[in-house]
Each structure stands twice: as C-alpha cells, then as structure tokens.
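Colleague: I would like to go through this model with you. Could you put it on the screen?

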Amino acid sequence: MILKVIPWRSDWKNFLAKKITINMLKLRGHHLICLNFFRGHGYDKKFVENLQNILKNIEELEVVEGLDDVCRACPHNAGFCNYSRDSEKEVKALDDFALELLKVKIGMRLKWNDLRMKITGVMEKWRKIACMKCDWKGVCDA
Ligand code: SF4
C-alpha cells in the first residue's frame, strides 16, 4: 500500500517540481508589500478567501507584471484593474515603486520568508508615498 503513495526515486524530481509549481504564486509589485498587512478584510467573500488561501500556502512566488493571483479573485478585475477610473495606471505605478524599494525585478522568484525580512526596511518610504493615498489605510493602521 505504501508503495502506491510514495513516488519511486526516479519520480522524486517530478514530485518536487509539481509541489513547487503548486506553491509558486504570481504576485505583482505592490502585493509583495500589501499582502503582509492583510487583516481579513477585502472586497467580497471570494476575494478574502483567496487571500486567506494564498497566505496559508505561500512558500515561494514569482514577481509578475499586471494582474496576479490576488487580482484573479477580485471583483474589480476586468482584464485590467478597474477599481476606479485611473486605477490601472495608478496601480502599475505602485507596482514599480514597490519593486524599486524591494530591489526585485519582474520574473524573479522569491521565497516568501526572505521577502518578509525585507519589508520592515522599506516601510518608512512605502507609508509616506503609497499608504497615504490608499483606501485600505484605515485597516492597516487599526
Ligand atoms: S483592485 Fe485592482 S490591483 Fe487590487 S486586487 Fe483588484 S484588480 Fe488587482
């Protein structure tokens, strides 16, 4: 029975690759920072559950441009960020700012725990520029 669930030695590589793929989330720039401050709030139930699931399973991530695995369950995802009239442009600027502060680039793969260690060092600048205009500021400050 055990042999059925434990991969043969030659299959270990595939087994591990599959596990990495499952846990390899795609996150855009500003979500690399903002996800650290999730307090259970969100646009709707589906959005909140997706965030909870992401944070429960996240180990490694790939930095992406544009819509990511958070946007995937967002009611404002219209194939672009449709949160407000100028949000697509504003959110992309936030992404770029986050990448610049964190010194990471699109396409990089990062360990979530390594990323978290960097967050404290960038928060002073992030708060001054990004948080000031954010509708969720009250949630993070609470
Ligand atoms: S509001 Fe825009 S950037 Fe934020 S999760 Fe929704 S689609 Fe993505």
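Colleague: How many residues does helix α6 have, and how far does it reach?
Modeller: Helix α6 (residues 112-129) has 18 residues and spans 24 Å from first to last C-alpha, close to the expected 26 Å. That expectation is 1.5 Å times one less than the number of residues. Helices here are DSSP runs of H or I with at least four residues, and strands are runs of E with at least two, numbered from the N terminus.

Colleague: Where is the kink in α6 centred?
Modeller: The kink, of about 60°, is centred on Val-122. The bend is the angle between axes fitted to the seven residues ending at a residue and the seven starting there.

Colleague: What should I know about the source of the coordinates?
Modeller: This is a predicted model, in which local features need pLDDT of at least 70, side-chain atom pairs count only at pLDDT 80 or more, and totals for chains, interfaces and linings use all residues. Residues are numbered from 1 along each chain as its sequence is written.

Colleague: Which helix has the lowest mean pLDDT?
Modeller: Helix α1 (residues 2-5) does, at 47, whereas helix α3 (residues 29-34) has the highest, 98.

Colleague: Changing topic, which residues surround the ligand?
Modeller: Val-70, Cys-71, Cys-74, His-76, Asn-77, Cys-81, Tyr-83, Ser-87 and Val-91, where near means a backbone-placed C-beta within 6 Å.

Key. pLDDT is the predictor's confidence in each residue, from 0 to 100.
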